[in-house]
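Trainee: I am new to this structure. Could you take me through it, chain by chain?

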Amino acid sequence: MKTTELAIVGAGPGGLSAAITAAQAGVQVTLLDEYPHPGGQYLRGARQDKAISPKTKTERLSHSLLEQLPSQKIDIRTGTLVWGIENHRLALHSAQGTEWLTAKKIIIATGARELTSPFPGWTLPGVMTVGAAQILVKEHGVVPGKRILLAGSGPLLLATASALSKSEHAISILGILEATQPLSWMKHTLAALGNLDRLIEGWQYAQSLIRNKIPYRFGYTVIRAEGTNRLTSVTIARVDRRGKAIPGSEEHISVDTLCIGYGFLPNTELTQLAGCAHEYIPERGGWVPITDETLQTSLPGIYAVGETAGVGGAKTAMLQGQIAALGVSLELGRLTKDEFARRYLPLTKQLQPLKRFGAMLNTLFRPHPAFDELITDETIICRCEQVRAGEIRQAIRGGAHTLSHLKNWLPVGQGPCQGRTCAPLLTRLINAETDLPSGKIGQFRPRPPLKPVPLGALANSTDEESR
Amino acid sequence: LLEKALKKVHQHFNIEINGRDIETRSGQTIAAALIAAGVLTFRQLTDDEPRGLFCGMGVCFDCLVTVDGIPDQRACMTPVLPGMKITLNTESKPA
């Protein structure tokens, strides 16, 4: 069995900054990532497209981490899925097969996934998350279709429309439907003002929309996607300030691509499987592991940084990565207490305004509870097992008021995605039927392997165990 | 100029989709290659449940395809390799 001093799971901005900080302090670091290249979602495409120069300070910082990486003494294992964790042992799977890695300290930086909001027809090919469209165009130079509409809430819609508009392919971006009203943004002005570079970034996107004449419509949402074998049209409607669709406001638009997104949710499968204590904090994007001032979870030696510890963006992730790495270095005796304090304090100061900004994004741009009325009983909620809203509502009325209870009644969360996509949607349906707060509804319990691993590989790993 | 520079970096080659050759380049995922070739439907759960790319980042498992005989591979996570044979399970199954 292999060993290392510090294993870092996830090579996005948080994992990269943790790895470099710890390696420079003299810690033996193994950096693991499921993707073939380091960088995470945030830096996807950065490697291919050197011509696109980073614009904001955060982009420049994260790009420079990626550039520094090869010169560091770090064991980089990309294309390696971490599918299990037991105490301080990680179960890995890569093209070379399955193996175990024991680490004195573990930093979990598994990032976030996108939050969506279902409507009839959202499983049709041609409907995808804004993130999926962004990866296609930025990393692969491929556009998802010719007539594209973006809908949901938050800045990623703008960023994706802007990226699509820069493509050389002949496409029409028919518009962005932003579900919230500008009035609801007002009370968050203070949080925004403390984050000038994020505002500048937003302004740059807005300019690119104006240049490309892309309509931006507040208070609109998609109520239905239509098509037989693939998406051919959508029906949209105006929503009032209470989130209710306004009768008679429906419009029919012919599209071949619909990109949807409502921000992000922390990926906590690994921290859950490890046994870390979690709590539900809407301002951080949902369920997050409880962490202390050095991002250590309730389990000694296991840390969570970046989106995993609460959705807050790349800058937060990089600062937290450094903080956790300093904590690890102190514990391993590579830093004195004085050195630690000197480097730790300025980092935590920088985190404060970011926290407020993250909280704004995670609450302002969420699907309005009243959107539940747009989810008809025929709407598929669990995409893996094709479980529809009607059956789920029935089960809830029958007494299934937690996710694990629902899982006993229906095949929800039992498909290959293990409920990653449907868990927040089921939570919403339970909220709507019972008024129970999300924290009481619970999470699905993740099981190893966290993502499917070939059966042969699992058999081999247990063989090694029994030897 | 940029186009030329990129062409130098990327190798261009063919992969096979349900017996048809499509051109792709190194660094692309199967999902990107399929969509570039105009293929949106990657599989059919039942007659009226076609599926394609959804999350694009390995989370949702909607984009499963068969790669060189190995079923249920995520098209959005699997990079293309020269001569790869992809089978799309688009034969409709009874509901």
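The questions below go from whole chains to single residues.

Trainee: What kind of model is this, and how are residues and chains labelled?
Mentor: Residues are numbered from 1 along each chain as its sequence is written, and chains are lettered from A and ligands numbered from 1 in the order in which they are written. Side-chain values use heavy atoms, with hydrogens and water left out, and local features need pLDDT of at least 70, side-chain atom pairs count only at pLDDT 80 or more, and totals for chains, interfaces and linings use all residues, as this is a predicted model.

Trainee: How many helices and strands are in chain A?
Mentor: Helices (H or I, at least four residues) and strands (E, at least two) are DSSP runs, numbered from the N terminus. By that count, chain A has 14 helices and 21 strands.

Trainee: Why is chain A said to be as compact as a globular protein of its length?
Mentor: The radius of gyration is taken over C-alpha atoms, and the globule rule is 2.2 Å times the number of residues to the power 0.38. For 467 residues the rule gives 23 Å, and chain A comes close to that, so it is as compact as a globular protein of that length. Its radius of gyration is 22 Å.

Trainee: What share of chain A counts as buried?
Mentor: Buried means under 20% relative accessible area, exposed over 50%, partly exposed in between (1.4 Å probe, protein chains only). Chain A has 467 residues. The buried share is 58%.

Trainee: What share of the contacts in chain A with a separation of 6 or more comes from residues 24 or more positions apart?
Mentor: Contact means heavy atoms within 4.5 Å. Take the contacts in chain A with a separation of 6 or more; residues 24 or more positions apart account for 67%.

Trainee: Which residues have the most contacts inside the largest nonpolar core?
Mentor: A nonpolar core is a set of buried Ala, Val, Leu, Ile, Met, Phe, Trp, Tyr and Cys residues joined through side-chain atoms within 4.5 Å. The largest has 95 residues. Those with the most contacts inside it are A:Val234, A:Leu258, A:Ile392 and A:Leu406.

Trainee: Which residues is A:Ile392 in contact with?
Mentor: Leave aside its neighbours within four places in sequence. The partners are then A:Ile381, A:Val387, A:Leu406, A:Leu410, A:Val412, A:Leu426 and A:Leu429.

Trainee: Is A:Leu332 buried or exposed?
Mentor: A:Leu332 is found in the loop between helix H8 (314–331) and H9 of chain A. Its contacts, leaving aside neighbours within four places in sequence, are A:Glu5, A:Val27, A:Lys104 and A:Lys105. With a relative accessible area of 18%, A:Leu332 is buried.

Trainee: How far apart in space are A:Leu332 and A:Glu5?
Mentor: In sequence, 327 residues separate A:Leu332 and A:Glu5. C-alpha to C-alpha, the distance in space is 8.6 Å.

Trainee: Is A:Lys349 buried or exposed?
Mentor: A:Lys349 sits in helix H9 (residues 337–364) of chain A. A:Lys349 and A:Arg147 are 202 residues apart in sequence and 45 Å apart in space, C-alpha to C-alpha. At a relative accessible area of 67%, A:Lys349 is exposed.

Trainee: What is the phi of A:Asn87?
Mentor: A:Asn87 is found in the loop between strand E4 (81–86) and strand E5 (89–94) of chain A. It counts as exposed, at 65% relative accessibility. Most residues other than glycine have a negative phi, and most peptide bonds are trans. A:Asn87 is not a glycine, yet its phi is positive, about 55°.

Trainee: Which peptide bond is cis?
Mentor: Look in the loop between helix H13 (438–441) and helix H14 (455–466) of chain A, where A:Pro449 lies. Omega is near -5° for the cis bond from A:Pro448 to A:Pro449.

Trainee: What pattern does chain B follow along the sequence?
Mentor: Chain B has 2 helices and 7 strands. Of its 95 residues, 55% count as buried. Read along the sequence, the pattern is α-β-β-α-β-β-β-β-β.
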